Amino acid sequence: MELIAKEIIKIDQNNFLKYKKSVLKKIKNTLPQSHTKNKEERTKNLQGCFKVISPVTIKNQNIILLDDVTTTGATLTEAVKTLKLAQPKQIICVAFAH
């Protein structure tokens with residue numbers, strides 16, 4: 001995903017987008033999502049697993065959140081829930097495979 005994000009930034013030529021790595025940090029060890037049986041287990045598995053590193057850097061900012069694969073949306077949902085605590089302007093989620 002990092003390579004894709006960097007290519008998007010190149011195409012944008014620094015007009016609108018800024019690449020910020022490590023905005024979210026995983027703070028809790030979880031089972032791999034592929035080891036869970038259903039959406040309910042996936043959601044529970046990820047509860048409270050992320051933390052925003054520097055909330056001030058995303059406050060009132062538009063965020064494009066990239067994910068390589070989404071099955072139930074549990075990872076994106078938990079990431080968005082955590083990001084919202086830092087009060088961004090909006091969050092757009094993009095998954096490359098489903």
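A contact is taken to mean heavy atoms within 4.5 Å. The structure is a predicted model, in which local features need pLDDT of at least 70 and side-chain atom pairs count only at pLDDT 80 or more, while totals for chains, interfaces and linings use all residues. Residues are numbered from 1 along each chain as its sequence is written, and side-chain values use heavy atoms, with hydrogens and water left out.

The protein chain contains three helices and four strands, arranged along the sequence as α-β-α-β-β-α-β; these elements are DSSP runs numbered from the N terminus, helices being H or I with at least four residues and strands E with at least two. The C-alpha trace spans about 45 × 30 × 20 Å along its principal axes. Among contacts with a separation of 6 or more, 67% join residues 24 or more positions apart.

Of the 98 residues, 28% count as buried, that is, under 20% relative accessible area, with exposed meaning over 50% and partly exposed in between (1.4 Å probe, protein chains only). In α3, the buried residues are Ala74, Leu76, Glu78, Ala79, Val80, Thr82 and Leu83. Their cover includes β1, α2 (39-46), β2 (50-52), β3 and β4.

Leu66, in strand β3, is partly exposed, with a relative accessible area of 24%. Leaving aside residues up to four places away in sequence, Leu66 touches Met1, Ala5, Val94 and Phe96. Leu66 and Lys84 are 18 residues apart in sequence, and their C-alpha atoms lie 16 Å apart in space.

The largest pocket has a volume of about 1300 Å³. A pocket is an open set of points on a 1 Å grid over the protein atoms alone, where a 1.4 Å probe fits, with protein on both sides within 12 Å along at least five of seven lines; lining residues have an atom within 4 Å of a point. The volume is the space filled by probe spheres set on the points, which are joined across faces, edges and corners. Of the 44 lining residues, Lys20, Ile63, Ile64, Leu65 and Leu66 are the closest to the pocket centre. Two or more lining residues come from each of α1 (2-12), β1 (24-26), β3 (62-67), α3 (74-84) and β4 (90-95), with the largest share, six residues, from β3.
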